[in-house]
Each structure stands twice: as C-alpha cells, then as structure tokens.
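Visitor: Please show me the model, and let us then discuss it by question and answer.

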Amino acid sequence: MSAIEEMSSNVFGATLTRRTFVKGSGALLVGLSVPAAFTAGSASAAGSPATLDPSQLASWLEIRADNTILMRTGWAELGQGSASGAFAQIVAEELNVPYAAITHVVVGSTDATPDGGLSAGFLMKVPGSTNPEPFGRGALNIQRVAAYTYQALLGLASTQLGVPVANLTVKDGVVSGGGKSVSYGQLVASGQFSLTIPTTGSATVNVSPSAVVGDNLTVTGTPPTKPVSQYTVIGTSQPMKAIPGLVTGTAPFVADIRLPGMLHARIVRPATLGSTLVSVGQLDKTAYPTAQVVVKGNLVGVLSPNEWEAIGAAATVAATTKWTAWAGLPGSGNLFQALRSADYSHVPTTIGGMDPVTGKNSTTGNAGAALAGAARTLTATYFAPYIKHGPIGPSITLADVRSDGTVHLWWHGQAAQKLRGRMAALLGVSPENVFVHWVVGSGHYGRSNGGTEGGEADAVILSQAVGKPVRVTWMRQEDFQWSTQHQGMLMDVTAGLDANGNLVAFKGDYYAPGTGDDRPTGALLAGLPAGPNASIVTGISNEWAYDKVPNVLEQGHGTDQLGQPSSPSNIGLRTHSMRTPTHRQENFALESMINEAAAAAGVDPIEYRLRHTSNQRLITVLNTLKSEHGWQTRPSPSPQASATGSTPVSGQGMMVMLRYNAYWAAAADITVNPKTGKVQVQRYTVVVEPGIVVNPRQLKRITEGGSVQGISEALREELTFDRSKITSVDWVTYPILRMTEMPKIKVVTISRPDLNVVGMGGEAPNGLPQAAIAAAFYDATGKFARSYPLRPSRVRTMLKA
Amino acid sequence: MASTLKIKVNGLVHSVTASLDTPLLYVLHNELHLHGPRFGCGLAQCGACSVLLDGKEIRSCVTPVAAVSGKEITSLEGLPALWAKERGTTAAVPALHPLQQAWIDEQVPQCGYCQNGMLIQAADLLATTKNPTEDQIRTAMNGHLCRCGTYTAIIEAVQRAAKTMARGSVK
C-alpha cells in the first residue's frame with residue numbers, strides 16, 4: 001500500500017501540489033515520453049496522448065535530476081531562432097539557469113507541445129499593450145510558465161532548506177540560503193510536485209467552411225518576472241541549438257523519415273489553375289511495374305515504393321491526361337490595369353493604419369480638405385508585383401492515415417494546430433485523431449502560417465486511398481505553380497505641402513486582392529472540405545511615423561483573388577502573407593512619397609523626416625543611419641545625376657519602417673548604367689532599434705538575411721503568369737539574388753532595455769531595400785522608380801519617362 | 001530496368017539496385033539513407049543536392065548513378081573523414097570538418113536547407129584555393145542559392161575555415 005500526503009498552495013495564481021511519499025510507495029510518473037529536440041518524433045506514436053494538458057507544468061517544462069531542462073512550445077522554429085533560441089533564453093532567464101541548461105526544445109507538434117502558435121511575431125509586444133512584461137504573443141506564454149515555475153521552486157526550496165523565500169538566492173539552478181543549498185534537480189527528485197498553471201482558450205483548432213476557430217491558448221495571470229535590468233541571458237549572443245544537426249547531416253528532414261510500406265507520390269497537375277479533369281492518362285505498367293494511379297476528383301496521384309519510378313510514371317501519365325481549358329487570369333503583363341479595373345466595391349474599405357506608440361488608429365485631421373488647401377500637391381502611383389516565397393526545398397509531407405482511425409503527418413510549417421484542424425475537417429474526423437509532427441525543413445517565410453504549406457492534403461488523401469504511408473514531394477515547377485504567392489499592389493498617393501515645403505497632408509489608397517489562402521491545394525482539387533476562402537480585405541500595415549503631419553488618411557481597398565470567381569476549380573492566383581505582408585508594398589509607397597516630397601522641398605531626406613517627427617526612437621535611428629552609413633547630407637537628386645549615357649551614375653537613398661515596436665532605417669548606395677539599365681547595389685546599411693535586443697548576433701544574422709531577400713525583390717523578383725497559369729517555374733524564370741550580386745551589408749543594432757519592450761525583429765528587413773534602392777535610383781538618375789523590380793528593361797523604360 | 005551496381009560513398013563501397021538513369025541523389029537518399037544532399041530543384045539550378053565526385057562539386061539531382069561508378073563520392077557526412085585524409089593524419093577522424101565548425105562558430109544556417117551544398121562547394125574551393133579572397137568566395141559560391149540570405153555569414157565562415165585549415169586543425 002502506498003500513502004500519499006498531498007498539500008496544495010497558491011503560487012501567484014498557479015497551484016503547487018506537493019506529494020510526499022511514504023517509504024515503499026510506488027513511483028509517480030512525472031513528465032512524458034517525448035522526442036529529442038528537432039527530431040521527428042517516433043514513427044509509431046500509438047498510445048501517446050493526442051493533446052497535452054496545458055494547465056500542467058510537465059506539458060511545458062521538464063526539470064531533470066541533472067539540472068537540465070526540456071521545454072516545449074507549440075510555436076515552430078522557422079530558422080530564425082525564435083522558438084528554439086529566444087524562447088529558451090527567456091526560460092533560462094526566468095529560471096536563473098544557463099542557456100546551455102535548456103538541452104531540448106520541442107516545438108510545434110500537436111501531441112508534444114501544449115499551446116498553439118501561429119508562428120509569426122514570436123516575441124513582440126504590440127504598441128499600446130499595457131502588459132507588465134516586455135514580451136508578447138508566444139513568448140509571453142513560455143515566460144509566464146517559467147515565472148510560475150521559478151516561484152514554485154523557490155517555495156519548495158524554502159520548505160526544504162527551512163529558509164524564508166526572501167532570504168534565498170538562485171544561481172545556475174542552485175538555490176542557496178542560510179548556508180545551505182539545493183539544486184532544482186534535487187528539489188524535483190526529492191519530492192514529487194505538480195504545478196497547475198492558469199490558462200484560457202484552446203490550442204485545438206476547428207475548421208468549418210466559414211471559419212477557423214481556436215489556436216488561442218494563453219497562459220494567464222501575472223506572476224512576478226525578472227526585471228529587465230537584471231537580465232543576464234537575454235541580451236547575449238547565444239548559439240542556435242539546431243545548427244550542429246544542420247551542418248552535419250544528422251538532423252532529419254521530412255525526406256529523411258521512412259515508414260514501413262511507405263509509397264512515394266508525385267501529383268499530375270491540371271493544365272491550368274482552373275482546369276478540371278477530362279480523362280486520366282495511361283500508365284505504362286511495363287516501364288513502371290510498381291507504379292499505381294489514384295484519382296480523387298481533380299487530384300491525380302502516381303505512387304510507387306521507388307521514388308524515381310514514381311517521378312517517371314507521373315511524367316508519362318501527365319503527358320496523356322486531358323484537362324479542360326481555362327483562361328481567367330489577366331496575365332502578369334496586364335497586372336497594373338487589372339488591379340486598376342478590379343471591383344473593390346463589394347469589400348469593406350480599411351481606414352487608417354496604426355499609431356506606432358499608442359496602437360490606435362493613425363487617421364488624423366482632414367486629409368481631403370488639407371490637400372485642397374495645400375500650396376502644392378504631389379501625386380504618384382506606385383506598383384508592386386506578385387512575388388513568391390520561394391523556399392529552396394519544395395513542399396514535402398509524409399502522411400499516414402491508419403486503420404486505427406488516427407492520422408499522422410510529418411511536416412515542416414508554422415502552425416501545427418491549424419494544419420491539424422484543416423486535416424480533421426478534410427477527413428471529417430475529430431482533431432483528437434490527427435497528429436501533426438513538426439520536422440525541421442526549408443523556410444517558407446510566411447507561407448505556412450495558416451497551417452498548410454503545400455502538399456499536406458495531397459498526402460493525406462492518397463494515404464487514405466491506398467491504406468499506406470505516403471510521402472508527397474512537389475517538384476520544383478509544381479512548387480512555383482501550385483503554392484501561394486504574396487500579392488501585388490497598386491498604390492495611389494497624394495501629398496500636400498505648405499509654402500515652406502513641409503508636409504501638411506498625406507493620403508494613400510492601396511488596392512490589392514486580400515490575402516491568406518490557406519485552403520489545402522489537394523482538398524480543392526479533390527473536392528473535399530477546404531475551409532474558408534482567403535480574406536478579400538486589404539488592411540493597412542503602415543505605422544504612421546510622422547506625428548507632425550496634421551492630416552493623414554490611408555485606405556485599404558480589397559478584392560477577390562485574381563481569377564478565382566471564374567475558376568471551375570475554385571483556384572485562382574492564390575495569395576498568402578509573406579514576411580512583412582502588405583507592409584512592404586504600402587510602406588514602399590509611403591516612404592517613396594516622403595522622399596519625393598523631400599526632393600520637391602529641396603531638403604535632405606533624413607533632415608526632411610526629422611522635421612516631421614517628434615518620436616525620439618525614430619530620431620535616434622535616423623541620426624544613427626546618417627553616421628553609420630556615411631550619408632551625404634544634401635537633397636536629391638545628386639548634382640551628377642543623369643538618365644543618359646553609358647557611364648554608370650551613383651546615388652544614395654534611404655527609408656524608414658516602423659513595425660510592431662521596432663524602428664528600422666536603411667540606406668543604399670547604388671550605381672545605374674543608363675544605357676544598359678543595369679542597377680547594382682554597392683553598399684547597404686540597416687539600423688534597427690527593437691527595444692530590447694534578445695540575441696545581438698542572431699538579430700544581425702537575420703537582418704542580413706532579410707536584407708538579401710529584400711534586395712533580391714527590389715532588383716530581380718516578379719511572378720509572371722499568363723491567362724491560365726503561373727509561368728515562373730524555376731530559378732531561371734524566377735531569378736533571386738546570388739552571392740556575387742550582394743552588396744556589403746552593414747547591420748547596426750541599438751538595444752534599449754529601458755523601454756521594457758521587445759519589438760518585431762524577424763521580418764521587417766525584407767521590406768526595407770525596395771524604397772531605399774528606389775530613392776537611390778532617383779538620386780542617381782533624376783527619374784522616379786515607382787515600381788520594382790529594377791530589372792534592366794524596366795529601368796530603361798523609367799529613364800525615358 | 002533495375003540494375004545492381006557498386007558505388008563508393010564516403011570511403012565505403014555499396015551495392016545498390018537502381019535503374020541506371022536514376023539520379024544519384026535518390027540513391028544516396030533512399031538506398032544509403034544519407035541526409036546531407038537535399039532535393040531542391042532537380043534541375044542543377046540551386047545546389048542543395050551537391051556532393052563531391054573525386055573532390056569536385058557536382059549536382060547529384062541530375063547525375064545518373066551509372067556515371068559515378070569507379071569514382072569517389074563524398075557527401076556532407078563524409079567531410080570530417082575527408083579532412084582527416086587531406087591532413088594525412090592517422091589520428092581518429094574528427095567530429096567536424098573545419099568548415100562545419102566554422103558554420104557553427106559563425107552561426108551560418110537559418111532554415112539550413114541549402115547549407116549542404118554551400119559546405120560541399122566551400123570544401124571544393126578550399127581544396128584548391130587555400131586562402132581565397134572575398135571575391136573568389138563569392139564567385140565560387142555563386143551557383144548556390146540561399147533564400148534565407150545567409151551569404152554574408154557564409155563568406156565569413158569560409159574565411160574562418162581557411163585560417164583553421166592553414167593551421168591543420170579543426171577549430
């Protein structure tokens with residue numbers, strides 16, 4: 001017989017239960033069997049719970065006898081080190097243990113992590129938030145869990161050492177007081193305890209034809225957290241835990257996971273985005289003896305235990321498969337006119353962006369009246385093309401729909417719970433039957449934040465059909481043609497200047513299809529439940545930086561996905577968010593117009609911005625850019641500007657972006673060869689002040705990386721499509737920046753622990769180069785670059801304007 | 001039709017069964033279960049699938065398995081042993097090639113998908129150019145695409161590894 005004495009106490013809103021065992025009693029299991037960090041989980045997860053109980057500490061943290069810690073978060077690791085690095089720094093900080101003591105970070109898997117996590121904006125505190133902690137979103141859950149745990153451990157240590165909590169100190173996971181000490185590991189081992197943590201909401205997601213509900217599990221209460229002034233782990237450059245596995249080839253990706261009986265599949269894609277199936281082509285069983293064809297609606301899969309055979313067989317089946325014709329797209333050459341003439345009248349207009357300080361609506365004054373009364377007005381239309389997320393690894397999913405009614409997916413993406421809900425809806429089963437196992441994988445840059453990144457439904461449907469595990473790999477062309485893209489935008493802007501050239505009014509109207517087409521491609525083709533359509537609303541992502549401008553109105557005008565209303569397959573040009581979604585386009589228009597106004601006023605662009613803001617954070621960033629870039633203070637265009645000749649001309653340009661409590665400024669030095677139209681970026685500087693810098697080296701690395709993506713977008717990237725299909729199909733038809741084309745990139749980070757805020761660090765760098773390079777183009781040539789990419793053909797046209 | 005053939009990978013001879021036109025990548029992946037080379041494009045455009053063939057970087061996604069018989073293939077997993085061989089050391093094979101250590105020290109990878117090819121191409125470069133300039137590194141790596149934009153970190157890591165290798169050590 002065992003006897004257990006149980007005592008409960010309140011720890012700042014959490015409940016600490018201590019169980020004291022009488023000698024001879026049986027052991028009480030603590031913790032769960034879990035995969036190691038960044039492994040794919042066990043191939044047969046049978047018997048493991050479908051969902052962790054988020055109110056139990058063991059679902060979040062496991063403190064081991066050797067004082068090491070395993071932590072779990074439903075947020076995914078996307079390669080920027082937010083979930084596996086910064087979250088671990090936060091836990092280490094609150095628990096007073098070294099970063100290295102967090103030996104395992106389990107992320108983004110529905111049966112191994114407790115919360116949900118639309119994995120974007122991991123750390124940031126939104127402007128206007130009154131939370132006492134410096135963090136927001138996903139970081140706040142794990143910070144509060146660690147803070148409750150720390151208080152519980154102090155209480156346990158106080159009892160064990162017989163020393164009041166107030167007289168205890170903790171260093172490296174060892175609690176000391178009254179001349180005695182005890183480690184966390186000893187505290188946990190010597191007396192079983194459990195901590196019940198207060199939460200609201202649900203990690204589990206339910207998907208209906210009209211709505212996606214859930215993924216809002218929040219740890220509540222305000223346990224005491226460590227004051228920012230006492231931070232020793234946050235603010236230091238800690239290594240990313242995934243990197244050794246990535247450089248040695250030991251980290252398994254989805255392609256490295258094999259299940260018994262697994263088949264490889266390739267999909268025979270419709271001839272156009274809107275096509276439906278007429279007849280399935282012939283499979284040559286002599287050439288491809290192990291291959292089979294599975295058809296579900298318009299989804300045609302070719303499967304084989306041999307991957308190369310599946311690829312070859314799919315190609316031959318595709319050659320003779322017949323599809324209906326469809327030509328409902330405008331063609332990328334007509335995109336400007338298509339966005340101009342689209343119907344926006346059935347979609348509510350968004351009015352106003354966000355004030356970067358208060359978080360309230362940024363609309364102020366009466367822009368219409370002020371423009372009518374302005375001494376001078378400037379008007380311009382800006383244009384951004386559609387772009388691809390462009391992961392280097394195409395979509396890949398392994399699915400196993402089992403005879404016991406469970407469904408397992410091994411996948412890399414941002415939102416495991418959303419994927420789980422979508423697959424449950426597709427199959428008509430409970431989310432409790434669906435297990436999504438997160439696996440390390442190719443970056444998607446926002447493509448999977450609704451759960452799906454590509455072929456998940458393909459794999460589930462085919463696995464169900466054949467009763468075996470199926471791995472679906474998209475080919476390169478398929479990934480370009482059948483994944484989502486980030487939408488282009490048409491932007492009409494008017495600025496009003498007074499007699500001194502000061503900006504007195506700004507009006508921006510931004511036109512684009514809405515975004516967020518998370519419907520699984522396979523579900524759409526198979527005619528199975530796919531969840532709601534993408535939003536048709538265009539929001540305002542700009543945060544208004546120039547508080548001295550008295551009249552501001554920005555309006556977002558949304559419409560349907562191009563082609564979708566006329567598409568028999570219900571698939572058009574599918575849009576999705578991508579790092580700095582819609583902000584990159586809208587801010588390009590905003591900052592380009594500020595540069596045009598500065599030029600019209602004959603004032604240096606940095607000086608012009610300083611005239612229009614009293615925001616000290618912005619002022620600091622602007623002055624830092626000026627000194628760190630070696631900015632030449634003068635108005636644009638350059639005295640040497642020229643739009644003709646075969647001698648390259650040089651220019652400098654700059655811009656700013658405010659994004660969720662982070663302040664960014666960037667400057668570019670470029671050369672333009674007017675004759676050839678070739679643009680080269682020579683030098684590029686980014687300054688960021690995101691409040692507290694959590695990991696300086698990592699912020700520098702991800703800013704360098706985002707800068708490359710943004711420069712690539714400014715110079716190279718433009719999705720092409722004809723009336724029927726996407727015609728950017730590979731890295732030749734969709735070129736991205738290469739190493740020889742990259743400028744010297746300088747990143748300057750400014751940490752402000754005194755602000756008690758962590759801003760968004762991960763994605764704004766993608767949205768900075770476009771406006772800075774466009775401004776440098778004007779400086780060099782005296783001609784406006786109101787659209788991008790600045791490919792030679794577009795440049796030559798601009799220079800003739 | 002499937003044939004049985006022998007290929008030498010990371011110093012070991014393997015007997016594999018595959019049709020002769022099967023790209024080497026699928027054999028390395030599905031038969032030998034190597035994780036380093038990755039499928040990125042199947043078109044020799046991105047470099048995620050790179051391996052060394054007799055010391056020179058090739059794209060395993062477009063190289064038929066029949067073309068590599070009798071030659072030495074080195075994948076990411078084989079880089080530490082390659083470094084031990086280049087040094088002519090009889091000591092135990094180190095856990096990491098200096099490039100892998102430099103990739104960790106410089107915190108190069110983000111998503112990591114392309115880094116196999118980056119490391120393989122850098123190993124090819126440093127085998128022939130012991131102390132490359134930044135321009136030489138950029139030119140050598142230009143056929144490899146990284147969407148996360150880790151190019152700056154790669155340049156710094158190659159330079160770090162070159163210094164280490166000149167000393168004949170790992171770190």
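Visitor: What area is buried between chain B and chain A, and what percentage of it do carbon and sulfur atoms give?

Guide: This is a predicted model, in which local features need pLDDT of at least 70 and side-chain atom pairs count only at pLDDT 80 or more, while totals for chains, interfaces and linings use all residues. Residues are numbered from 1 along each chain as its sequence is written, chains are lettered from A and ligands numbered from 1 in the order in which they are written, and side-chain values use heavy atoms, with hydrogens and water left out. Buried area is the accessible area (1.4 Å probe) that two parts lose on being put together, summed over both. For chain B and chain A this area is about 4800 Å², and the part given by carbon and sulfur atoms is 57%.

Visitor: Which residues of chain B lose the most area to chain A?

Guide: Contact here means heavy atoms within 4.5 Å, and 53 residues of chain B are in contact with 66 residues of chain A. Three residues together account for 19% of what the chain B side buries. They are Gln107(B), Gln110(B) and Arg147(B).

Visitor: With which residue does the side chain of Arg147(B) meet in a salt bridge?

Guide: A salt bridge is a side-chain nitrogen of Lys or Arg within 4 Å of a carboxyl oxygen of Asp or Glu. By this rule, five salt bridges are found across the interface of chain B and chain A. In one with an N to O distance of 2.7 Å, the partner of Arg147(B) is Glu717(A).

Visitor: Is Thr152(B) buried or exposed?

Guide: Thr152(B) has its place in helix 6 (residues 151–167) of chain B; helices (H or I, at least four residues) and strands (E, at least two) are DSSP runs, numbered from the N terminus. Leaving aside neighbours within four places in sequence, Thr152(B) is in contact with Arg701(A), Glu704(A), Met742(A) and Ile745(A). Buried means under 20% relative accessible area, exposed over 50%, and partly exposed in between (1.4 Å probe, protein chains only). Because its relative accessibility is 12%, Thr152(B) counts as buried.

Visitor: In what order do the strands of the open sheet of chain B lie?

Guide: Two strands pair if DSSP finds at least two bridges between them. The edge strands, each pairing on one side only, are strand 2 (12–19) and strand 4 (56–59) of chain B. Strand 1 (residues 2–9) and strand 5 (residues 72–74) of chain B run parallel and are joined by two bridges. The pairing in this sheet of five strands is mixed, and the order is 2-1-5-3-4.

Visitor: At what angle does helix 4 of chain B run to strand 3 of chain B?

Guide: Axes are lines fitted to C-alpha atoms, for helices over the stretch in contact, and angles run from 0 to 180 degrees between N-to-C directions. Helix 1 (residues 24–31) of chain B lies across strands including strand 2 of chain B, to which helix 1 runs at about 110°. Helix 4 (residues 115–128) of chain B lies across strand 3, strand 4 and strand 5 of chain B, and its angle to strand 3 is about 30°.

Visitor: Is Thr580(A) buried or exposed?

Guide: Thr580(A) is found in the loop between strand 29 (551–559) and helix 12 (583–601) of chain A. Phi of Thr580(A) is near 65°, a positive value in a residue other than glycine. Because its relative accessible area is 0%, Thr580(A) is buried.
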